[in-house]
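Opened the file today and went through it piece by piece. Here is what I looked up, in order.

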Amino acid sequence: STNHLLSDYTPYPFHIHTTELVFDLSPERTTVTSWLDFERKTGAQAMVLDGEHIELIAVSLDEVALIADVDYTVNATQLTLHTLPESGVLSIITACTPSTNTSLSGLFTTGAHLMTQCEAEGFRRMTYFPDRPDVLSTYTVTLLADKAQFPVLLSNGNLVEAREVDNGGHMTIWNDPFPKPSYLFALVAGQLASLEETIEHDGQSKLLQVYVEAHDVPKAQFAMDSLKASIHWDKKRYNLPLDLERFMIVATSDFNMGAMENKGLNIFNTKFVLAHPDTATDVDFENVEAVVGHEYFHNWTGNRVTCRDWFQLSLKEGLTVYRDQEFSSDQLAEGLSEKAAASARAVKRIDDVSNLRTAQFAEDAGPMAHPIRPVAYEEINNFYTMTVYEKGAEVVRMYETLLGRDGFRKGMDLYFERHDGTAVTCDDFRAAMADANAVDLTQFGRWYEQAGTPTVSVNGTYDAAARTYTLSLTQNNPAVGIELQQASLLKLPLHIPLNIGLLASSNCGSIQVGDDLPLYLAGQTDAATGTLPLSFTEASQTFVLTDIPCAPVPSLNRQFSAPVLIHFNYSDDDLNFLLQHDNDAFNRWDAAQQVYTRCILNNMRNPDAAVFSPTQLNTLGELLHNDDLSPAYRAQLFTLPSHAFLAQLISRVQALDPQALHAARQRANDALATHFESAWQLLYSQLNNNQAYVYTGAAAGQRALKNLALHQLATANDDTAVLVQNQYNTTDNMTDRIAALSIAVNHFPAAATTMLADFYQRYANEALVIDKWFAVQAANSHVSHNAIAQTLNDLLKHPAFIKPNPNRLRALIFTFCNANPHHFHQTNGAGYDFWAKHVLDIDQKNPQVSSRLARSMEHWRDYAEPHRSLMQAALKKVAENQTLSQDVREIIGKALG
Ligand code: B3K
Ligand code: ZN
């Protein structure tokens, strides 16, 4: 396999000014005719076009047929035109077979429909083309199909013409006036119904459509509302309008990822479009809103300004994730009092950061570690990662922290002024931010070049006589992943914006214990109260804070201003103090996480000792009863750090015993369940108030805390089975029903059997709900290893698991491998064998999906024996397979390498 290098970039030697395409569509054989209006830039190079899994029928230049092996040559991946003039129109006819395309890349069948997925390199599965993001062209597309079979024919941009043709056929012609790369092309041919609205926007009327299967139309309104909110938000916050006459969203059940931002024609996994209280949970609603926003925001950050090459992927993805996070945060805060809004925003930030710390920090500590702008890849689809997306978003957020809201906006404005309609690099974005604010962001550029999660070690000393508090910071970022092979690599200090606060540890003067002290940075005149942003740029750096009237407890990296790990030698009392008093809601939650982490790790070493001290339980008890804290926030405060997050922390210092970790984490949870049993009881009865379902952040928070309470009660007390059964039977929404089912599956097996049967029957026709039914069983961390093996066997043979689509595979197989550590990490290796079998099976059909599953084992080196050797053996078994896809081969190669 070839290794693609950032350093190899060269511009494409031709312009393709316009691209005209005619698709004669049918599942068994689709023909594509293209007319490419080209112009040579410089030199005399041949024109090399990409093409895979397609049949070449004819090539002509200015309507004169070209001759194979004379004018052009063709191999399995390229068509090379040897002697082209300065300019002309190249026409190519190809054919492909959508019905046998199980990779879901290129043109494929899904249910009764035909759809495309082109990013990153799917366009070349339909026609020969320079399939790279820096070749921008204006597209006109004609779609021809049987009218009865495919009544709906959609492509990018504006509809130019629609009419019937002979023999029961029909055609539509679409024109997209905005130059775009091939990865943003899309077409849909199907039997779909649509929900439509016309809005007035930017002085024009715009048609919005959400296309779904007819029976799903009642579940499409929330996506439509989310789209309208997104359009409104982007205009208001960034003055970025919807630039086409219409905007379409189409849902499909068969999709490798969440959704795709094709120009004017977004294609979505049904999971991120369909939302109805009967079938979708609060988390599903939240995700639909976020993903609709994300894809819409790409229209500017990704489509109007796109990437020069795939190494720059974070240019569009990091920025667009940052934008969707801010959109969701604004949606949650809308209409609330200032205080409630701040709390709602903290809840969103905590969700995003815990996701980052669980999954991205782990990625950044393993064999796939890479900078947000990678320098090499074998298969680009493997680099749609947590690092490129989520750490990329944190890097964008740091610009905002450094430059302020207005400064960031100035940078965005300049970015579009300079680069609209072009394909650019991450450096161009950074230059726009720097130039618009007249600041030097050279050092900040290292965030794009270096992999790994930096550790910031902090020492604090209070000098009572001098009334100073001195913070000494050291940053450390050792080589990881691919960097380990770059012998000459020198990692340099990063520019880290570190927000800090100092809490008064006692009453002093007018200052009360727990208050934020006013902060003055020595040598600087500007004073800040509360949170002070430090600009930490050296390997080691000291900050002296003056006029500090009493000994403080520091609150570090407030709001998670930088994606780093903080080391500070807090005593148990310090953490308890922060848990009681921190005025930064994010850091208060983080104090709880640190308490839990410390207690679980202690308990792993000392399983017979109590997990929590009386002081800790006392403070936690006060928080649980504190009605000033929103239910959503309290639910987060009482959620333990994930197994994966703890595993990653442990593996930094010692070999990981996954069963010991699972058991200690379980004991911590049991301790919270039993110690606060009466509080959980009270909360459950208060919050289980039979209010009709409505999706709002506040209502979702109440359900989250209620279902956490029910879960804790189930752990503490067997009588809870009645409450669980009752909630399952009487609720009006999926959030509560699936929560009850999950609790029953884990704690009340007898009740679960009938509930599972009932659930399946109720929702047999709702594919996304049946996915939940599979997932709940695959995640069962109770019962015996033998029982779970039996369940998995039954589920694999279940009629609903014949020809599973990616969502179904994720529900059963991925859930077991990634979210059930107790059963996955059996000491006889059965979980690892299961993994190997399914990686190989899935790889035959869909490399992108199997390659994601392949990653479940990349941390094998972190494990203690016998796990380590058994995992290595399973990886080797997969590696030996001769027919591995390039996708899986890269992952396994890096894991073993
Ligand atoms: N840009 C697409 C992801 C494409 C993944 C290709 N393997 C969705 C998104 O990030 O919005
Ligand atoms: Zn994206």
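Before the helix pair, a note on terms: axes are lines fitted to C-alpha atoms, for helices over the stretch in contact, and angles run from 0 to 180 degrees between N-to-C directions. Helices (H or I, at least four residues) and strands (E, at least two) are DSSP runs, numbered from the N terminus. I kept in mind that this is a predicted model, where local features need pLDDT of at least 70, side-chain atom pairs count only at pLDDT 80 or more, and totals for chains, interfaces and linings use all residues. Residues are numbered from 1 along each chain as its sequence is written, while chains are lettered from A and ligands numbered from 1 in the order in which they are written.

**Helix pair**

I looked up helix 4 (residues 338–363) against helix 12 (residues 643–651): they pack at about 40 degrees, with axes 8 Å apart. That makes helix 4 and helix 12 oblique to each other, given that under 35 degrees counts as roughly parallel, over 145 as roughly antiparallel, 65 to 115 as roughly perpendicular and the rest as oblique. From helix 4, Arg357, Thr358, Phe361 and Ala362 make the contact, and from helix 12, Ala644, Phe645 and Gln648 (contact: C-beta atoms, placed from the backbone, within 7 Å). I sorted these contact residues into four nonpolar, two polar and one charged. My classes: Ala, Val, Leu, Ile, Met, Phe, Trp, Tyr, Cys and Pro are nonpolar, Asp, Glu, Lys and Arg are charged, and the others, Gly among them, are polar.

**Ligand 1**

Next I listed what is around ligand 1 (C-beta atom, placed from the backbone, within 6 Å of it). I got Glu119, Ala120, Met257, Ala259, Met260, Glu261, His294, Glu295, His298, Glu317, Asn381 and Tyr384. The shell has five nonpolar, three polar and four charged residues. Strand 20 (259–260) and helix 2 (282–297) each give at least two residues to that shell.

The bond from Glu119 to Ala120 is cis, with omega near 0 degrees, and both residues are on my ligand 1 list. I found Ala120 in the loop between strand 11 (113–117) and strand 12 (137–146). I noted another cis bond from Glu865 to Pro866, omega near 5 degrees; Pro866 is in the loop between helix 24 (847–854) and helix 25 (867–879). Asn690 has a positive phi, near 55 degrees, without being glycine. I placed Asn690 in the loop between helix 14 (677–687) and helix 15 (697–716).

Terms used: Contact = placed C-beta atoms within 7 Å.
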